[in-house]
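Student: I would like a close look at one part of this model, the surroundings of the ligand. Please go through it and then through what lies around it.

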Amino acid sequence: MAENDLIVIGSGPGGYVAAIRAAQLGARVTVIEEDKVGGTCLNYGCIPTKALYQSAATALLAARMEDFGVVAGKPAIDMAKVHSWKRRAVDKLTGGVSQLLKGYKINVVNGRARLAGNGKVIVKRNDGESLELESKNVLIATGSKQAVPEVCGINLKGVMTSKELLGYEGLPGRLLVYGGGYIAMEFASIYNALGSKVTVMVRSKVLRLMDGEISKRLTLLLKKRGITFYEGTLLDRIEEGEKGLTVHALKGEEAVTLDADLVLVATGNVPNTDGLGLEEAGVKTGPKGIVVDEFYRTSAEGVYAIGDVIGPPYLAHVASEEGKAAVEAIFGRPGKVNYGVIPAAVFTIPEVATAGKTEEELQREKVSYKVSKFLFGGNGKAVAMGEEEGLVKVLAYDDGHLAGVHIVGPHASDLIHEAAIAMHAGVSVEELISCIHAHPTLAEVFHEAVMALNEEAIHQL
Ligand code: FAD
């Protein structure tokens, strides 16, 4: 076995990106993966959900083809084909990552890794053999898994996590989604568009960590599409009955009983640390996962950790940035992750995206700020596309710099990056206003929202 400058445990967007960056810096790298290359993101997360999202968005568009003057037969959903579209995307991208790892001469070992102290890692290979590897640097990138509430009936057939639902090729008549985070909302949107009757039940409120106004707007738009919401409702138990599954919950004092064919439980994440030998190796953990310092060093010499396993935000691009920063620190080029400006997108229909502070955060910090909004309905491209729902909300400090930008509307996930770059680079409101935006584009909605800070938006009174 070749000597290693770095052993990476886990090949998700944290681990594989870290491995490639280390190889670019000249390191000899081994990646250990117990399941599939690409981790949660490529196999059970970001990518399969976005492929399903594409089918769902196409179904909605197909249902209104005649608005655009396209006359064809009545659209129908073929779930087998929906899932083969999903598999095509997953296979193409995981195959691409494997090729990249090979191209960078990164040694990939299929098996389960455990720390054995002093730079030693024991791998129980998937073929049954055991292997001992050694390196001065070990990077833990083992991710997280879905947290499941301990309520009666949680193990019934038909009660699923997102991973299980992604592998289920049927179309439930009635889907109950328990949870209000981005994964819950994406599945709710997707299955609603594919034709299921969707009910969302959430302990507090939908997208609770996002800007309150945006989460309210999204909830309204999704209600208009036929999704039913029970906010402030706590799951009590699930039973099997004649009508499928019966979900019992409490909304304050009031009992809520709902029937469903499938229940998706999407109530958060727990770090993947089981069996890693952390305690024996002297790696400290806290309530959210492995504890690290600003260079992703754990409490054990030569052991680093990044990505979901160190806690929220549970985002692929954050895991990747941390992976790059960690290996740059290991190999002498300290990198930094700008946690102040993390763009994040929710692939509901319409999409939601956010970067920087929410209005609630600014209020809690008691700083003075300005707020402006511009509606997609006032934008030429959005009207021509028939995608007029939603708005861009801009928050700015009194010194003329952006504090946060929040979008609900078409292509929000792409539009957010102009705002993220502006905040990351400290571009001022005045500079953004003076930067010409092409017409007609959705980017003009952001431009006009920024102009509205100075009461200069043109297409809005
Ligand atoms: P992971 O991707 O979880 O990879 C960890 C890897 O380590 C896994 O492959 C696992 O098999 C392996 N492993 C664990 N323990 C061991 C061991 N002992 N030995 C060997 N291998 C081990 N994020 C976004 O940014 N955008 C999205 O749109 C998005 N959508 C999502 C949708 C869903 C349904 C889910 C569940 C998640 C989504 N995420 C999204 C979150 C994203 O998938 C995670 O934040 C990201 O995958 C974290 O990357 P990671 O490298 O830290 O861990």
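**The shell around the ligand**

Tutor: Sorted by class, the residues of the shell around the ligand are 15 nonpolar, 15 polar and 5 charged. The model is a predicted one. In it, 35 residues surround the ligand, and the closest are Gly10, Gly12, Gly39, Gly143 and Gly307. Several elements supply at least two residues each to this shell: strand S2 (29-33), helix H2 (39-44), helix H3 (46-63), strand S3 (107-115) and helix H9 (316-330). Of the contributions to the shell, that of H2 is the most, at 4 residues.

S2 and S3 belong to an open sheet of 7 strands, ordered S5-S4-S3-S2-S1-S6-S19, with mixed pairing. At its edges stand strand S5 (130-134) and strand S19 (303-305); each has a single partner strand, so one side of each has no neighbour in the sheet. On average, neighbouring strands here are turned by 35 degrees against each other, direction ignored. In general, the strands of a sheet pair through backbone hydrogen bonds, and the pairing is either parallel or antiparallel. S5 and strand S4 (residues 120-125) run antiparallel and are joined by 5 bridges. One of the residue pairs involved is lysine 120 with its bridge partner in S5, glutamate 134. Helix H1 (residues 15-24) lies across strand S1 (6-9), S2 and strand S6 (138-140), and runs at about 170 degrees to S2.

A separate set of residues comes from a record. An unreviewed UniProt entry lists Gly179, Gly180, Gly181, Tyr182, Ile183, Ala184, Met185, Glu186 and Gly268 under "binding site". These are spread over 90 residues of sequence, yet they cluster in space, with a largest C-alpha distance of 13.9 Å.

Two of the listed residues can be followed further. Glycine 179 is in the loop between strand S9 (174-178) and helix H6 (182-194), while alanine 184 lies in H6 itself. Glycine 179 is buried because 25 other C-beta atoms lie within 10 Å, and 20 or more are enough to count as buried. Alanine 184 also counts as buried, with 25 C-beta neighbours inside 10 Å. Leaving aside residues up to four places away in sequence, glycine 179 touches Ala184, Val202, Val265, Ala266 and Thr267. With that exclusion, alanine 184 touches Val177, Gly179, Val200 and Ala266.

Notes:
Residues are numbered from 1 along each chain as its sequence is written. This is a predicted model: local features need pLDDT of at least 70, side-chain atom pairs count only at pLDDT 80 or more; totals for chains, interfaces and linings use all residues. UniProt positions are given in the numbering used here, feature names are shortened, and annotations may be inferred rather than shown by experiment. A residue is buried if 20 or more other C-beta atoms lie within 10 Å of its own, exposed if 12 or fewer, and partly exposed in between; C-beta atoms are placed from the backbone. Two residues are in contact if their C-beta atoms, placed from the backbone, lie within 7 Å. A residue is near a molecule or strand if its C-beta atom, placed from the backbone, lies within 6 Å of it. Ala, Val, Leu, Ile, Met, Phe, Trp, Tyr, Cys and Pro count as nonpolar, Asp, Glu, Lys and Arg as charged, and the others, Gly among them, as polar. Two strands pair if DSSP finds at least two bridges between them. Axes are lines fitted to C-alpha atoms, for helices over the stretch in contact, and angles run from 0 to 180 degrees between N-to-C directions.
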